[in-house]
Amino acid sequence: MSFRTRLQAFVETRQKIQIWYGMGCHNTVTGRVLNVDHDHIDVESYSHENDGQIHVRRILVPLHLILHIDITSSDMVEEEELVKADEGQTNKLLSTLAAAVDLPDTPKGYGVKVISQLNSSHSDHFSRMTSGPGGIYFACDGSIWFIDGGGHLIEYARIRGNSTISGVCFDSRGVLYVATIQGTIYRIDPSKSGRVLAHLANGQSNKEIFLADLVIGPQEELYVANFPNTTGGIFRVEADGDYKILSAGTQQGTQGLLLDHEGFLWGLEHATGTAVKRSLTGTTVARITVADSQAFNFADGFDGNLAMDSLGRLYVTAGRAGNVIRVNREGHAETFLTGLINPTGITFSADGALLVLEAGRSRVLRVAALDKADRTTSARALS
């Protein structure tokens with residue numbers, strides 16, 4: 001179901017919603033949707049003014065500026081609201097609203113919800129996602145965006161020029177490291193002052209460079225994934241910007257990276273659909289088949305992201321297949337989420353819930369166990 005079709009459902013149900021929209025600065029409007037056309041949504045907004053009267057406004061909101069939509073409880077004063085709906089009408093309303101939001105299929109005992117609806121005009125431009133100071137951060141083209149606890153969006157930083165961001169990670173001091181597909185690594189401190197840390201090259205030609213992800217190691221060194229199938233692999237970048245090739249070769253093009261709790265480096269090699277576990281010196285420790293290589297996107301390398309819970313289970317986004325795959329400690333892979341459209345970024349929140357950046361529907365999903373047990377670790381959230 002398209003974003004416009006989901007909005008049309010609000011016209012039919014007259015459900016009161018709150019819309020966050022804007023570019024650069026954010027605005028909100030609360031009301032009912034009257035009409036959805038090709039470019040705009042027509043909202044009837046009610047507000048209580050100082051004169052004690054209820055004022056009605058009609059607001060046209062451009063679809064491409066819509067950032068987030070919340071379904072709210074209604075407090076508008078209208079005659080039709082004084083008529084109590086019968087049980088059949090209520091059930092019809094609830095079923096219609098549920099149909100307006102497409103959620104993936106989850107294993108029994110899990111719940112999923114949308115925590116932030118992103119700007120749909122950038123669909124499929126959303127790449128990596130990571131936890132950081134105060135919330136969740138993700139990349140879209142040349143910008144890094146921050147999602148706060150309420151699901152609201154703030155642009156955190158922007159790389160000048162035509163760079164496309166492909167990797168983001170924070171160190172323990174809140175310093176942000178950014179990789180671009182063009183081969184540049186940036187270091188951005190908490191005051192938003194940034195500098196180039198390194199320009200990576202593979203051999204004699206930058207045509208062999210397409211950076212896909214990065215993680216930070218125990219000595220503030222970085223491990224950076226290079227995507228090309230025939231010449232890709234992993235770089236190691238030191239704190240002073242010096243770098244070397246940690247692993248490379250045919251069919252070693254790498255998408256997502258992960259440093260696990262035991263200090264091992266994981267990488268997803270897309271040509272074979274294999275998660276490779278390595279020591280930080282580059283020695284291969286294990287190879288686990290996650291999925292057929294056709295489950296992953298070869299065009300941009302933005303899927304194949306990795307996350308790990310506290311039980312050592314690996315979670316992998318398969319963009320072409322529309323799945324999140326879970327691999328247990330014994331190396332058995334199973335489909336964890338299905339029915340997604342191009343999932344890319346994946347990470348864990350501070351309370352241990354799994355967060356998935358679903359690029360094809362321009363939104364961030366939160367997945368956790370339905371019981372409300374203490375979720376201080378990801379194992380409790382997802383076990």
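Residues are numbered from 1 along each chain as its sequence is written.

The protein contains three helices and 29 strands. Helices (H or I, at least four residues) and strands (E, at least two) are DSSP runs, numbered from the N terminus. Of the 383 residues, 55% are buried. Buried means under 20% relative accessible area, with a 1.4 Å probe and protein chains only. Contact means heavy atoms within 4.5 Å. Among contacts with a separation of 6 or more, 46% join residues 24 or more positions apart.

Confidence was examined next. The mean pLDDT (the predictor's confidence in each residue, from 0 to 100) is 81, and 79% of residues reach 70 or more. Over residues 73–87 the pLDDT is below 50, and this stretch has 18 contacts beyond near neighbours in sequence. Residues 89–100 also stay under 50, with 10 contacts beyond four places in sequence. Where pLDDT is low, predicted coordinates should not be read in detail.

The largest nonpolar core has 17 residues. Such a core is a set of buried Ala, Val, Leu, Ile, Met, Phe, Trp, Tyr and Cys residues joined through side-chain atoms within 4.5 Å. Leu7, Ile19, Ile41, Val61 and Ile66 touch the most other members. Helix 1 (3–13) and strands 1 (16–21), 2 (27–36), 3 (40–48), 4 (54–62) and 5 (66–71) each supply at least two core residues. Beyond four places in sequence, Leu7 is in contact with Val33, Val36, Ile41, Leu63, Ile66 and Ile69.

The structure holds two cavities of 30 Å³ or more. A cavity is a set of points on a 1 Å grid over the protein atoms alone, where a 1.4 Å probe fits but cannot get out; lining residues have an atom within 4 Å of a point. Of its 10 lining residues, Gly233, Ile234, Phe235, Ile245 and Ser247 are the closest to its centre. Strand 17 (233–237) and strand 18 (243–248) each supply at least two lining residues.

Gly233 lies in strand 17. Gly233 is buried, with a relative accessible area of 2%. Its contacts beyond four places in sequence include Val224, Ser247 and Thr254.

Definitions and conventions:
Predicted model: local features only at pLDDT ≥ 70, side-chain atom pairs only at ≥ 80, totals over all residues. Heavy atoms only, no water. 1 Å grid on protein atoms, 1.4 Å probe; cavity = no way out; pocket = protein on both sides within 12 Å on 5 of 7 lines; lining within 4 Å. Points joined across faces, edges and corners; volume = space filled by probe spheres on them. Buried < 20%, exposed > 50% of the residue type's maximum accessible area, 1.4 Å probe, protein only.
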